[in-house]
Amino acid sequence: MRYIKKVYCAFRGLIKFYQQFNLKNKLILIGKNSKVVNSKRVVFNGRATFGFNCWIECVSFYNQEIFSSKIIFGKNLSVGNDFHVGSINKVTLGDNVLVGSRVLIIDHAHGIYNLLNQSNPEIEPLNRKLYGGEIIIGSNVWIGDSVSIVGNISIGNGSIIGTGSIVTKNFPENVLICGNPAKIIKYWCKEENKWLKYKQE
């Protein structure tokens, strides 16, 4: 009887989730202790699985500013535990993306530090203006554990981001990047059909 009750509760939870996201004919699975903020701005284009403790957030209002945020997930997405994606503008993940655990993807930061009208350090970080861009992650990208992608970033199709990398700039397709800040380590050579060491300029 207890088993039947648990199955019934789980089934009711799934129905509620599917209705919330309008996921007709799509299989979306999210692990325990996960949350989605402003779900109407989150788009699922196909099957997706998320681990435990995931946090998907579209920021709509902060410090009297209004944002038209959006997060778009492609088909056949697989995400590990403790994943955090946040947007004030737009974050897009392509098809067949594999994401490890403890990965951070946010298109914004508290304050401006490298352009005009930079943030004053005497202002509390929570009260600084949110500043951001757009993150585009291509299809067939593999993101390793403990990776951080913050700001206005583009990652090309087929690229690999090594464990623990901090991504601070754009990268082309079919490259392997690692480090803090991340840099190209190898690239895929179609002529030789293998990964080759990248010569840093």
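A: Let's start with contact, which means heavy atoms within 4.5 Å. Leaving out residues up to four places away in sequence, Ile-149 touches Leu-104, Ile-105, Ile-106, Ile-135, Ile-137, Ile-143, Ile-161 and Val-167. This is a predicted model, where local features need pLDDT of at least 70, side-chain atom pairs count only at pLDDT 80 or more, and totals for chains, interfaces and linings use all residues. Residues are numbered from 1 along each chain as its sequence is written, and side-chain values use heavy atoms, with hydrogens and water left out.

Q: Which residues have the most contacts inside the largest nonpolar core?
A: A nonpolar core is a set of buried Ala, Val, Leu, Ile, Met, Phe, Trp, Tyr and Cys residues joined through side-chain atoms within 4.5 Å. Buried means under 20% relative accessible area, exposed over 50%, and partly exposed in between (1.4 Å probe, protein chains only). The largest core here has 35 residues, and those with the most contacts inside it are Phe-50, Phe-73, Ile-105, Ile-143, Ile-149 and Val-167. A second, separate core has five residues, among them Val-59, Tyr-62, Phe-67 and Ile-88.

Q: Is Cys-54 buried or exposed?
A: Cys-54 counts as buried because its relative accessibility is 2%. Cys-178, at 27% relative accessible area, is partly exposed.

Q: How many disulfides does a search of the whole structure find?
A: A disulfide is a pair of cysteine sulfur atoms within 2.5 Å. The search finds zero of them.
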